[in-house]
Amino acid sequence: MVLTNHSPDRKSSARKAFSSGSRLGSIEALLIAILLAVPLLSRAQTPDQAATFTAATQAMQAGDLEEAGAGFAAVVKQAPAFAEAHFNLGLVRQEQGQYDAAIASFRKALTLKPRLHGANLFLGITEFRVNNLDQALTAIKKETVSYPKDANAWMWLGVVNLAQDHAAAAAEALDKADKLKPGDPDILYHRGRAHLLVSKDSYAEMFKVDPQSWRVRRVLAQANAEAERHVDAITEYEAAIKLAPTQPGLHEELGSEYRNANKISEAERAFERELEIDPNNVLARYKLGALAVEQGDGAKAKQLIEAALREKPGLIHADYNLGRAEMLLGNDAVAASHFEKTTQSDSDPEVVEQAWYQLGTAYRRMHRVDDARNAMQMFQKLKDQEAERSQSRLKKYEADQGTAGTAAAPEEPK
């Protein structure tokens, strides 16, 4: 695909995402359009024209674009009013990279049949490939109006909007595509990019309007937290709290960062302060309970965690933390039941691994010798597997570092 020169911005990245690999202009999509057109031909055209069209279809199925193009060109010459033949010729020319010819064929098809399914979509895709973004947007919008349940049309509308830096419009179109075709990787990729750009645009505007806002500080803190720069995150949360000392949620998030930085007493004070500001903050209550487990206070931990669960069942790692609290209280049978649930349902491999260890300890205290041995064996098995995975990741990293100077550029996401 030939493109004009651009810096690596939204426009170029949007176009490159469809320059290879997953494309609506693939043989698979072409065949769908051709098969849709065949019944119309058999009713409207002469036997010779039908035979030529059939041969072109077979050539397309065999991947012979030259023969398919010649066949469809012959049909449109013999039957110039046959819209579907013009459409299929356009599909072939697009696949061959003859974009001007493809555009001409799609436009002729639409002149003959303005609502021909797919014609505006493929016209828009082809205009997109030659960087005629306004024309592409106009054509694809027509397709979404005529066929509002066509997920591919909504996806391409989003792609073109992304290329034009219209992130909000792109997100809206791609949300519709996702609802019509859930789980499609191309739609999900572009939808994610669109929403990310909407967020960035929103934050940029927020920074511009009020650079000293506590919200700005909170965004910076959250970005540092996601990057595991916990000390920097703490600094930003503290700055946000100075600007908005009673804003709900800030102390709870600060407490989490204190915990990540292993500042336990500071984390405890932050969670307690959050509950003074917002007694209904379930996460602050639960995190304070989990912190009490680490401090060895089983009674406080159990009270806080159970109170949080009454408000919000299914909190992450709740069975594991409750099991540890019960162990501190000497309730080994109850603890074992919580650890058993953890091994069956928790999604964090590290927590599951530790749950097997704690379960083995609980079984041993209950004099269930065989169960304790089996639990410890499972713990050791998971620990060994994790060690092997870590070693493999290290070797891969070292290999990648060793070839970094000669490695090929990664493929564009599809």
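This is a predicted model: local features need pLDDT of at least 70, side-chain atom pairs count only at pLDDT 80 or more; totals for chains, interfaces and linings use all residues.
Let me start with a contact between two helices: Ala-83, His-86, Phe-87, Leu-89, Gly-90, Leu-91, Arg-93 and Gln-94 in α5 meet Tyr-99, Ala-101, Ala-102, Ser-105, Phe-106, Lys-108, Ala-109 and Leu-112 in α6, where contact means heavy atoms within 4.5 Å. By class, the residues of this contact of α5 with α6 divide into 10 nonpolar, four polar and two charged, with Ala, Val, Leu, Ile, Met, Phe, Trp, Tyr, Cys and Pro counted as nonpolar, Asp, Glu, Lys and Arg as charged, and the others, Gly among them, as polar.

Residues are numbered from 1 along each chain as its sequence is written, and side-chain values use heavy atoms, with hydrogens and water left out.

Helices here are DSSP runs (H or I, at least four residues), numbered from the N terminus. Two packed helices are described by the angle between their axes and the distance between the axes. The axes of α5 (residues 83-95) and α6 (residues 99-112) come within 8 Å and cross at roughly 160°, the axes being lines fitted to C-alpha atoms over the stretch in contact, with angles running from 0 to 180 degrees between N-to-C directions. These two helices are therefore roughly antiparallel to each other, given that angles under 35 degrees count as roughly parallel, over 145 as roughly antiparallel, 65 to 115 as roughly perpendicular and the rest as oblique.

How do α16 and α18 pack? Helix α16 (residues 282-294) and helix α18 (residues 318-328) have their axes 10 Å apart, at an angle of about 40°, and they are therefore oblique to each other. In this second pair, Tyr-286, Ala-290, Val-293 and Glu-294 of α16 meet Ala-318, Asn-321, Arg-324, Ala-325 and Leu-328 of α18, and by class that contact has six nonpolar, one polar and two charged residues.

Now to the charged side chains. Side chains of opposite charge can pair when their charged atoms come close. A search of the whole structure finds 18 salt bridges, each being a side-chain nitrogen of Lys or Arg within 4 Å of a carboxyl oxygen of Asp or Glu.

One of them joins Arg-191 and Asp-175, with the closest N and O atoms 2.6 Å apart. Arg-191 lies in helix α11 (residues 185-209) and Asp-175 in helix α10 (residues 167-180), so this pair ties together parts that are 16 residues apart in sequence. Arg-191, at 28% relative accessibility, counts as partly exposed, and Asp-175 is likewise partly exposed, at 22%, where buried means under 20% relative accessible area, exposed over 50%, and partly exposed in between (1.4 Å probe, protein chains only).

Finally, the side chains of Arg-373 and Asp-370 meet in a salt bridge of 2.7 Å, N to O, and both residues lie in helix α21 (residues 369-402), three residues apart, about one turn of the helix.
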